[in-house]
Amino acid sequence: MKDLDAEALYQTLAEQIRPQVSPATALVGIYTGGLWLAERLHRELGIAQPLGAIDVSFYRDDYASKGLHAKPQKTDIPFNVNGAHVILVDDVLFTGRTTRAAVNELFDFGRPAMVELAVLVDRGSRELPVAARYCAHTLPTPLAREQNLDLRRDEDGVFSLQLTQANR
């Protein structure tokens, strides 16, 4: 969306998370946009725990109907999840189903002390009772279901947001 400055929103998100960072804090980025954000947050906030990455493809409740994502990625949780303060990072919060799948997968690695969600944009239209603890921007009016809000990253690592039509 032209009126949303993804770089400014990223800075807002970083400033929301910064006061909560402790030695026990671990970031896990949800492929793809969430991982891009988590990579930058991890560096900028000086998170001590190694960065985790999660692909929820096999944990989605619509896996049977939609099939496997065209490019599934490897989930990598390189820290002890038991007792950790985990912040899941995603680019856009929509129905809540991706977040639910990420939490389910995360618990396969252990039992964290706390799991919080950080998102760049909440686009509305929740189907599950999921809310982000850290959110840079909430759209005043939910987007139509046939619209996507996509995070893009250029070759210099600069973020932008683009409104696209969903593939159906």
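Some ground rules. Residues are numbered from 1 along each chain as its sequence is written, and side-chain values use heavy atoms, with hydrogens and water left out. The model is predicted, so to speak of a local feature I need pLDDT of at least 70, and side-chain atom pairs count only at pLDDT 80 or more, while totals for chains, interfaces and linings use all residues.

Let me start with helix α1. Helices here are DSSP runs of H or I with at least four residues, strands are runs of E with at least two, and both are numbered from the N terminus. Helix α1 covers residues 6-17. It has twelve residues and reaches 16 Å from its first C-alpha to its last. That is close to the 16 Å expected at 1.5 Å a residue. The expected span is 1.5 Å times one less than the number of residues.

Which residues of α1 are buried? They are Ala6, Leu9, Tyr10, Leu13, Ala14 and Ile17. Buried means under 20% relative accessible area, exposed means over 50%, and partly exposed is in between, using a 1.4 Å probe and protein chains only. Seen down the axis of α1, the buried residues fall within an arc of 140°, so they line one face of the helix. The arc is taken over the directions from the helix axis to the C-beta atoms. An α-helix has 3.6 residues a turn, so residues three or four places apart point the same way.

What does that face pack against? The buried residues of α1 pack against α2, β3, β4, β5, β6 and β7. At the start of α1, a side-chain oxygen of aspartate 5 reaches to within 3.0 Å of the backbone nitrogen of glutamate 7. Keep glutamate 7 in mind.

Next, helix α2, residues 33-45. Its 13 residues should span 18 Å at 1.5 Å a residue, and its end C-alpha atoms are 18 Å apart, which agrees. Ten of the 13 residues are buried, so α2 is largely enclosed by the rest of the structure. Among the buried ones are Trp36, Arg40, Leu41 and His42. Just after α2, glycine 46 takes a positive phi of about 65°.

Now the salt bridges. A salt bridge is a side-chain nitrogen of Lys or Arg within 4 Å of a carboxyl oxygen of Asp or Glu. The whole structure holds nine. Here are some of them.

Back to glutamate 7. Its partner is arginine 40, with the closest N and O atoms 2.9 Å apart. This pair links distant parts of the chain: arginine 40 sits in α2, glutamate 7 in α1, and they are 33 residues apart. Is arginine 40 buried or exposed? Arginine 40 is buried, at a relative accessible area of 18%.

Glutamate 39 meets arginine 153 in a salt bridge, 3.2 Å from N to O. Arginine 153 is in strand β6, glutamate 39 is in α2, and 114 residues separate them. Both ends are partly exposed: arginine 153 at 38%, and glutamate 39 at 27%.

Then aspartate 150 and arginine 152, a salt bridge at 3.7 Å, N to O. Salt bridges that share partners also join Glu15, Arg18 and Glu44 into one network.

On to the cores. A nonpolar core is a set of buried Ala, Val, Leu, Ile, Met, Phe, Trp, Tyr and Cys residues joined through side-chain atoms within 4.5 Å. The largest has 28 residues, of which Leu41, Leu120 and Leu161 touch the most other members. Elements giving two or more residues are α1, α2, β3, β4, β5, β6 and β7. Helix α1 gives the most, with six. A second, separate core of 19 residues includes Ala26, Val86, Ala101 and Leu117.

Last, two single residues. Histidine 85 lies in strand β3, and is buried at 11% relative accessibility. Leaving aside neighbours within four places in sequence, histidine 85 is in contact (heavy atoms within 4.5 Å) with residues including Gln20, Met114 and Glu116.

Threonine 75 is in the loop between α3 and β3. Threonine 75 is buried too, at 19%. Its side chain reaches the backbone nitrogen of aspartate 55 at 3.0 Å. A polar contact of 2.7 Å joins the side chains of threonine 75 and glutamate 105. A polar contact is a pair of N or O atoms within 3.5 Å; within protein, one must be able to donate a hydrogen and the other to accept it, and residues adjacent in sequence count only if both atoms are side-chain atoms.
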